[in-house]
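Dear colleague,

I am passing on a structure that you have not worked with before, and below it I have set out what was found in it. Please read the notes with the structure open beside them.

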Amino acid sequence: MEAAGARVSREVAVLGVGMHPWGKWGRNFVEYGVHAARAALKDAGIPWGDVQFISGAATMRCGYPGYVAGATFAQALGWQGAQVNTSYAACASGSQALAAARAQILSGGCDVALVVGADTTPKGFLAPMAGYRPDDPDWVRFHLGITNPTYFALYARRRMDLYGATLDDFTAVKVKNAAHGAANPNARYRKRFTAEEVLASAMVADPLRLLHVCATSDGGAALVLSSLEYARRRGGSVARIAAISTVTPRFASNEVEMPDIATDSAAAAASHSFRASIAARAYEEAGLGPKDLSLAEVYDLAAPMELDWYEYVGLCEQGGAEALLRSGATRIGGRIPVNASGGLASFGEAVPAQALAQVCELVWQLRGAAGERQVRNAKVGITANQGLFGHGSAVIVKT
Amino acid sequence: MNSRTRVAAIEGWYTLDDPPHLLGSRCGGCGTYFFPRLSTFCRNPACEGTAFEDVELSRTGRIWSYTNACYQPPPPYVAADPFVPFAIAAVELAAERMIVLGQVIAGVDVAQLKVGMPVELVLETLYSEGATDKVVWKWKPQVPA
């Protein structure tokens, strides 16, 4: 299927980016969002009063203000009459908030938009609502003792049996990302973990140790977008968003994914890989491919999943991720650095902020402003993430 | 004499027969299987089916992948005291072309499992309440590793 409007430029400019450092601060999520928003506005050199559209990524963990995050951030920044949107799409919430802002700009509804996502997370396992609720797959799987790390471990074990992945490979991903994150002032964990430390952490779900699995974090991220015309009038060079993919899966999806007990049945329909389709749609829209990439930010909810993403975003063929990792290509200084920010390994997941944080990293890299973790000559980057209930997204940013 | 009562931990998802089966649905229009059961609208975008028959799913399959739970999961999991780790498998059913997750029977750990290994469906106690055993489907290796 041809991407709708693929021949027309759908690009928008990123004028500013900003974040609140990730951590377990325990403060109100609005504080992180406003901090990030003010940082992005300052980075853009644009006063809040000039923003015509504010797009918030919702959080489900912070009550009503979280459900209407766009308005919550607008009120905290000071009501000024901007049009407002809030998006919720699990891990892809930030990308959908971004897509709403882009649509508003491209349709001529505004010149300047602010996109904000922030979260405050509880401690421990994420668990479902109480009661006897067998109609909710999320309740059923927890009743059976199937937690989020279960799914991450199933993907990891399959790689070991099918492609010869080793525990050392998974550990090498964590060690690599920790080394990247050590140079990132916004990362929650700045420690350079050794393989010995990772392997010595407690087993959670075989083969995953605690330090292979990402934490849940507090944090906030924001971007200021504008039309290319508006950016041109201001002068200077800016990073551009070349594609935003927020596709749904296609039936029959072959993904074993949270929170489902069973996959779709492919008895009467062809089987499709959802995760591969997320990046494919972004490449199609941007008119670019994996060979054009300078770097990638992918969703390492657990370290082995970074290897799956090498394949889903097309950095190598299926079964080739271990060789790519071992070659050193995905380290900063390698051919195609992955998670130069430190990834979820160094950040922990702050759901509505995470997809935006990935885009912030690409923008800093493309500007050559990433400091010690700078990827040389970065021109094009892709983000990829995927979460509950058929949500996922990929964003391509280029110079 | 066994005075214990055996009931399903999750009602309507599987039979308590010997041998047991998972209970699914099959679309009368396109033949797609669903687990858990579906009785409303077929999810195949090429099918507008609204009529489903209840079917017993294949009770054997091959392991797609596997792991275990080393930490006690949070409620609604009902843990024994002390918590006993258990293995989990995702199993591919050939006829239905779907993958179904479940616990692996007690006493089998990941070292005895492998992708592609044939397994069969059995019932085992998930937890007990007094004299009542709440049973659930579990996967059992067909050939000892």
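In helix H3 of chain A, which spans residues 69–77, the buried residues are Ala69(A), Gly70(A), Thr72(A), Phe73(A), Ala74(A) and Leu77(A). Please keep in mind throughout that this is a predicted model. The cover over the buried residues of H3(A) comes from several parts of chain A, including the helices H1 (29–44), H2 (64–67) and H14 (351–367), together with the strands S2 (53–57), S3 (83–87) and S4 (112–119). Just after H3(A) comes Gly78(A), whose phi is positive, at about 110°.

Helix H14 of chain A also holds Leu362(A), and this residue counts as buried because it has 30 C-beta neighbours inside 10 Å, where 20 or more are required. Leaving aside residues up to four places away in sequence, Leu362(A) touches Glu297(A), Gly381(A), Thr383(A) and Val397(A). Between the C-alpha atoms of Leu362(A) and Ser87(A), which stand 275 residues apart along the chain, the separation is 22 Å.

Turning to the contact between the two chains, chain A contributes 34 residues and chain B contributes 40 residues. On the side of chain B that touches chain A, at least two residues come from each of strand S3 (33–34), strand S5 (60–69), strand S6 (86–93) and strand S7 (98–104) of chain B. Sorted by class, that side of chain B has 27 nonpolar residues, eight polar residues and five charged residues.

Note on methods: Residues numbered from 1 in each chain as written. Chains lettered and ligands numbered in written order. Predicted model: local features only at pLDDT ≥ 70, side-chain atom pairs only at ≥ 80, totals over all residues. Buried ≥ 20, exposed ≤ 12 C-beta atoms within 10 Å, placed from the backbone. Helix = DSSP H or I, 4+ residues; strand = E, 2+ residues; numbered from the N terminus. Contact = placed C-beta atoms within 7 Å. Nonpolar A, V, L, I, M, F, W, Y, C, P; charged D, E, K, R; others polar.
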